[in-house]
Amino acid sequence: MSGSSTARRPAPKSRTKSGGRSARSTSRSRNRRRLHGHRTVPFVGLLVLVAILCLGGLVMVLSASSVAALDELGDSYYFFKRQLVWLLIGTGAMVATMRLDYRTWRRFALPAVIVAVVALLLVLIPQIGISVNGSRRWLGAGPLRFQPSELAKLAVLLFSADLLARRGTRMAEAHLTIRPVLAVAALLTGLVVIEDLGTGIVIMVTVLGVLWMAGAPALQLAGVSAGFVAAGAALALYEPYRRARLTGFIDPWDDVQGTGWQTIQSLVGVASGGVFGVGLGASRAKWGFLPFAHTDFIYAVIAEELGLVGALSVVALFLGFAFLGFRVAAQAPDRFGSLLAGGVTLWVLTQALVNIGGVLGLLPVTGVTLPFISSGGSSLVVTMVATGMLLSVARHAK
């Protein structure tokens with residue numbers, strides 16, 4: 001009996017070692033997930049949605065731009081090839097950003113603001129800033145151009161999320177939270193709207209949304225929003241070309257060949273699509289009738305070629321992006337991650353709504369691109385960098 005009992009004693013010891021190894025392995029696995037993140041449902045969902053939007057946008061850029069590219073540059077694939085290169089750059093930037101811990105970006109919040117301010121000031125210098133279609137918005141040389149206003153979106157979001165996260169318990173003290181954020185936002189927006197009112201609107205809506213998510217008093221936000229609307233209206237009426245756009249929005253049929261041309265041609269293209277569209281590549285609006293068919297008005301080409309089904313599918317994709325993005329914000333492990341994720345989501349959603357609203361005649365035409373879809377290098381790359389930050393928060397979500 002004693003020999004039998006002794007023979008069975010090592011078994012519990014072996015199980016203890018195995019249990020210890022299992023516990024240590026589980027602990028190491030948890031530590032790795034905390035450091036490097038893991039694939040959550042919103043993470044995978046966002047990746048799929050962004051992939052569909054980008055690849056679909058690439059196809060629509062080819063369709064919408066082929067006629068203009070052949071006529072102006074002798075190469076039907078010119079804008080398509082450019083968009084493909086920018087998409088590859090943007091994809092690489094998004095992957096690198098999503099693999100980096102999003103908290104790393106906090107240290108770059110203030111430097112990003114400084115760089116954005118300097119870049120926006122350089123754009124205003126005639127010998128340095130590049131003017132295209134009457135707007136001076138670009139820096140660079142030849143085909144390598146960059147819009148500092150895109151960097152301004154990211155800079156003001158990082159600054160706002162960082163400051164409001166650090167001073168989250170002092171939201172009632174406006175001089176420490178709300179006013180610094182609004183001051184930086186006003187500075188960057190003021191420099192942006194000199195040439196680009198649409199991007200300025202996206203920036204201010206994003207900042208106001210982040211302030212609301214951070215718990216800023218509703219009464220103060222209402223006052224700031226009213227001031228923002230008044231300032232936007234004043235700027236729209238001050239500049240002749242903006243006033244013309246506003247007039248064209250209110251009554252496009254008053255000047256069919258002038259201020260109302262874009263809106264009318266856009267609506268004709270949308271209406272021509274019917275339920276199922278005229279077919280991919282068969283748009284008539286892109287044959288010189290609709291200006292900027294592959295950039296500002298690409299949604300009209302989508303509606304014409306793919307019909308109501310295609311147009312609503314694009315809206316559904318952006319609504320899905322918004323749902324998953326705000327879910328990531330709600331599940332973020334810290335306040336900074338929550339504000340960053342919510343800000344990026346609001347940025348993309350606002351820009352999509354402003355673009356689609358302009359195409360459908362529901363809002364004045366502002367010149368902002370449709371995120372992930374419209375042709376445009378700096379817009380696509382910066383948006384994908386911001387999306388990478390959102391995905392990084394999703395990887396660390398609870």
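Trainee: Which residues touch the most other members of the largest nonpolar core?

Mentor: This is a predicted model, where local features need pLDDT of at least 70 and side-chain atom pairs count only at pLDDT 80 or more, while totals for chains, interfaces and linings use all residues. Residues are numbered from 1 along each chain as its sequence is written, and side-chain values use heavy atoms, with hydrogens and water left out. A nonpolar core is a set of buried Ala, Val, Leu, Ile, Met, Phe, Trp, Tyr and Cys residues joined through side-chain atoms within 4.5 Å, and buried means under 20% relative accessible area, exposed over 50%, partly exposed in between (1.4 Å probe, protein chains only). Of the 99 residues in the largest such core, those touching the most other members are Leu-164, Leu-211, Phe-318, Leu-340, Leu-370 and Phe-372.

Trainee: Which helix gives the most to this core?

Mentor: Helices (H or I, at least four residues) and strands (E, at least two) are DSSP runs, numbered from the N terminus. The chain has 14 helices and three strands. With 14 residues, the top contributor to the core is helix α12 (residues 298–331).

Trainee: What does Phe-318 touch, not counting residues up to four places away in sequence?

Mentor: Contact means heavy atoms within 4.5 Å. Leaving out residues up to four places away in sequence, Phe-318 touches Leu-53, Val-348, Leu-349, Ala-352, Leu-370, Pro-371, Phe-372 and Ile-373.

Trainee: Are α12 and α13 roughly parallel or roughly antiparallel?

Mentor: Axes are lines fitted to C-alpha atoms, for helices over the stretch in contact, and angles run from 0 to 180 degrees between N-to-C directions. The axes of α12 and helix α13 (residues 335–359) come within 9 Å and cross at roughly 160°. Angles under 35 degrees count as roughly parallel, over 145 as roughly antiparallel, 65 to 115 as roughly perpendicular and the rest as oblique. Therefore α12 and α13 are roughly antiparallel.

Trainee: How many charged residues does the contact of α12 with α13 have?

Mentor: Ala, Val, Leu, Ile, Met, Phe, Trp, Tyr, Cys and Pro count as nonpolar, Asp, Glu, Lys and Arg as charged, and the others, Gly among them, as polar. By class, the contact of α12 with α13 has 16 nonpolar and five polar residues, and the charged ones number no residues.

Trainee: Why do α6 and α8 count as roughly parallel?

Mentor: Helix α6 (residues 148–166) and helix α8 (residues 197–214) have axes 10 Å apart. These two helices, α6 and α8, are roughly parallel because of their packing angle, about 15°.

Trainee: Is Phe-372 buried or exposed?

Mentor: Phe-372 is found in the loop between α13 and α14. Its phi is near 70°, a positive value in a residue other than glycine. Because its relative accessibility is 3%, Phe-372 counts as buried.

Trainee: And where does Phe-292 lie?

Mentor: Phi of Phe-292 is also positive, near 55°. At 35% relative accessibility, Phe-292 counts as partly exposed. Phe-292 lies in the loop between α11 (261–272) and α12.

Trainee: What share of the residues of the chain count as buried?

Mentor: The chain has 398 residues. Of these, the share that count as buried is 48%.
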